[in-house]
Amino acid sequence: MLNIGAEITSNLEKITLKAAEEYNKKMNTLIKEVNENLSQRDDLMQLIGNNPIKKMKDNHENHAGFMYNSFKVKSEELFINTIIWVYRTYKNHGFSYQYFPVELKAWKSAVNNNLSSENSELIINIYNLMLDNHKLFVKESESREDNEFEVSNNQFNSPDEFLKALLEGNHDQCLSEAENIKSKDEMLLYFENMIKPTMYKVGSLWEKGVISTAQEHLASSIVARVNSSIYANNISLKKNKGKAVISAAVNEFHEIGARIIADTLESSGWEVDYLGADTPPDDLIELLKIKKPFMVGLSAAMPFNIVPLKETISKIRDEEELKNIKILVGGKIFNENLKLWEKVGADACAFDSKEALRQANKWWEEVDGKNV
Ligand code: B12
């Protein structure tokens, strides 16, 4: 971790709940003011590299959500990793490095104009820290790559060939190999050694501006079809373990990983209800009351979805009839920020499907006294 870590932690710790909530309440005003401030500049197009203004506005919306989450979760690693990702990705998409100090100053001024002085001071300290360390963030963003998974001894075709077929939209080729997967073990290996590294590579290419958002969407939708076909060919009807509900967190649209976890558990005897992306917390809780599962698995990838996930978990814990449910979390954001799962109040976190299955079976064994 960077040597500014301690300073970031101490400044995040100082942000009171009141200050965080005032920032949240006034978020739309802050975003509007920052958008207006930048839009009036003569050098706007140089700053954002001739990108559509909407791209900058999207960044401001994500920024506000990320800051609010950081004020509440107070994770130094999440804070630093996300800033570095933002610098790297927006630079790759044509934004100039100079955009960041300009934007951060606009946030400072919006916070100063709209929040009470008691709260704004605490939040402006964080913006000052970001401004003071601009050069460091530039340097770090140039030296760090997004995580990619290199898979050795792959029994399948090379992930590179699969990637090429995905990006070309070659459904037939992508499905042909999946049709040969005839056992649970092969299925699990395929998820971890083919689907996951390929999708991480897709993300890395999108981040570098090499492929478009449409190509990323195409790849995701083919993967969803491939996974459905693998599932249909390998479904296990023997259910000898507990019930599990698996879902992506509210506002979380990354659901391929959650679905892999659902299919993995189901193929190993768990009775699984898989809910997909963006499940609203109150509806999730209603469903849990009806289904009464042994465990619930929740997935998150985005930094701005951590507080909503934390609140969902806390709502589940508040329900007397759900108090024994085990809560497992996972997803890219937890894999990159190793202590984050504790901050959201989960019982455990798992890095991948193998680890998720091991944890779920361990809990089941403890409670049920069965050999699994
Ligand atoms: C496909 C994709 C999308 C698709 C998702 C489609 C779908 N049906 O899921 C769409 C287009 C919706 C999307 C949207 C966005 N995306 Co996107 N996306 C991706 C991409 C390329 C692949 C995700 C994936 O499928 N990975 C493969 C799975 C198998 O891996 P996994 O999720 O990590 O899952 C494994 C483990 O984490 C774990 N696990 C996962 N869930 C769970 C749950 C439990 C309970 C457990 C125990 C374990 C577990 O087990 C899984 C198997 O090993 C990633 C790149 C990447 N590196 O992941 C970017 C990525 C996650 N996206 C990113 C971004 C920025 C976005 C957007 C903000 C883009 C935008 N401008 O709109 C939005 C945000 C939407 C939102 N609110 O959620 C960034 C996030 C970076 C960051 N730090 O903030 C990434 C990393 C791309 C990049 N390199 O920059 N995206």
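## Three domains

Domain bounds come from an automatic or database domain assignment. For this protein, seen here as a predicted model, the assignment gives three entries: domain 1 (5–143), domain 2 (159–234) and domain 3 (243–368).

## Where domain 1 meets domain 2

Start with domain 1 and domain 2. Their centres, taken over C-alpha atoms, are 34 Å apart. Domain 1 brings 5 residues to the contact, and domain 2 brings 4 residues. About 410 Å² of area is buried between domain 1 and domain 2. Carbon and sulfur atoms give 46% of that area.

Which residues of domain 1 lose the most area to domain 2? They are W85, N92 and H93. Together these three make up 74% of what the domain 1 side buries.

Look for H254 in a loop. This loop runs between strand 1 (243–248) and helix 14 (256–267).

An N or O atom in the side chain of E192 is 2.7 Å from a ligand oxygen. For the side chain of K196, the distance from an N or O atom to a ligand oxygen is 2.9 Å. G331 uses its backbone instead: an N or O atom there lies 3.4 Å from a ligand nitrogen.

## The shell around the ligand

How many residues surround the ligand? There are 39. The closest are E192, Y200, H254, E255 and S299. By class, the shell has 18 nonpolar, 12 polar and 9 charged residues.

Helix 12 gives the largest share of the shell, with 7 residues. Several elements give two or more residues, among them helix 13 (213–234), strand 3 (295–299), strand 4 (326–330) and helix 19 (353–368).

Why does the ligand lie between domain 2 and domain 3? Both domains give residues to the shell around the ligand, so the ligand lies between them.

Terms used. Residues numbered from 1 in each chain as written. Predicted model: local features only at pLDDT ≥ 70, side-chain atom pairs only at ≥ 80, totals over all residues. Heavy atoms only, no water. Helix = DSSP H or I, 4+ residues; strand = E, 2+ residues; numbered from the N terminus. Near = heavy atom within 4 Å. Polar contact = N/O pair within 3.5 Å; in protein donor to acceptor, adjacent residues only side chain to side chain. Nonpolar A, V, L, I, M, F, W, Y, C, P; charged D, E, K, R; others polar. Contact = heavy atoms within 4.5 Å. Buried area = accessible area lost by both parts, 1.4 Å probe.
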